[in-house]
Amino acid sequence: MPQPKKKTYQVIVDQIKEYFLTEELKPGDKLPTERELASRFNVSRTSVREALRKLESKGIIEIKQGSGSFIKTSEFQLLGEELSTTIIHAENKLVYEMLELRRALEAECAFLASKRATSEDLEAIRHAIEKMKAAENDVELGLEADLNFHFSIVRASHNSIFLQLVQTLSEHMQDTIRGTRRQRLADPERLQGTIEEHKEIYIAIAAEEAERAKQLMEIHITQIRKELAESLLNQE
């Protein structure tokens with residue numbers, strides 16, 4: 001009988017614990033940078049940053065401004081468990097809150113894009129979908145293409161305030177798209193469904209079906225929120 005597939009969050013927890021048990025770290029050693037930890041464990045830098053701050057408040061590490069984070073404890077099992085727990089909690093909270101904002105903002109942008117998009121705007125949206133298809137097994141390329149799809153729709157709304165807001169939140173948007181792609185694409189069969197959702201939004205915008213484009217974007221982001229909520233229940 002095949003072993004049950006591990007939940008995505010458990011894979012991350014196991015990776016973090018294994019890292020601290022195998023790297024032969026000792027008090028005074030410097031941890032990798034936020035960027036390196038985020039890349040190693042495939043989580044957002046925002047979540048890593050929050051986790052490190054929590055570890056510092058518990059006296060497990062010391063963060064020296066301009067120098068990095070340094071280990072203060074020899075209890076590496078504790079360090080790994082604390083880091084994994086705080087990263088997962090921060091990651092899920094960040095993703096969920098950003099999805100609330102994105103649903104309102106991007107649905108309206110899809111509506112406006114249906115009325116205002118130029119041929120160049122439509123080409124940029126279509127190109128992002130093509131890149132998503134080509135990035136089947138490339139996590140970073142897929143993330144970039146997904147981000148470009150959503151940014152292209154915001155640009156196609158031709159609302160300068162919306163665009164400025166999204167640009168200000170670009171790091172958070174990248175973090176949340178990374179998080180939701182990790183949740184959704186843990187099952188490879190989910191990839192094609194995700195691409196189809198993006199294609200339907202593009203077609204509605206290109207066909208100038210504003211209400212449909214808005215509705216499809218709302219459905220797309222609501223479905224992601226639903227899947228995230230289900231994954232959190234499964235962590236219990």
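Here is a short chat between two colleagues about the predicted model above.

Modeller: Before we start, local features in this predicted model need pLDDT of at least 70, side-chain atom pairs count only at pLDDT 80 or more, and totals for chains, interfaces and linings use all residues. Residues are numbered from 1 along each chain as its sequence is written, and side-chain values use heavy atoms, leaving out hydrogens and water.

Colleague: Happy with that! How many residues does the largest nonpolar core have?

Modeller: A nonpolar core is a set of buried Ala, Val, Leu, Ile, Met, Phe, Trp, Tyr and Cys residues joined through side-chain atoms within 4.5 Å. Buried means under 20% relative accessible area, exposed over 50%, and partly exposed in between (1.4 Å probe, protein chains only). Ile125 and Phe149 are among the residues with the most contacts inside the largest core, and its residue count is 36.

Colleague: How far apart are the closest N and O atoms of Glu106 and Arg102?

Modeller: A salt bridge is a side-chain nitrogen of Lys or Arg within 4 Å of a carboxyl oxygen of Asp or Glu. Glu106 and Arg102 are four residues apart in helix α4, so about one helical turn separates them. Both are buried, and the closest N and O atoms of their salt bridge are apart by 2.5 Å.

Methods:
Helix = DSSP H or I, 4+ residues; strand = E, 2+ residues; numbered from the N terminus.
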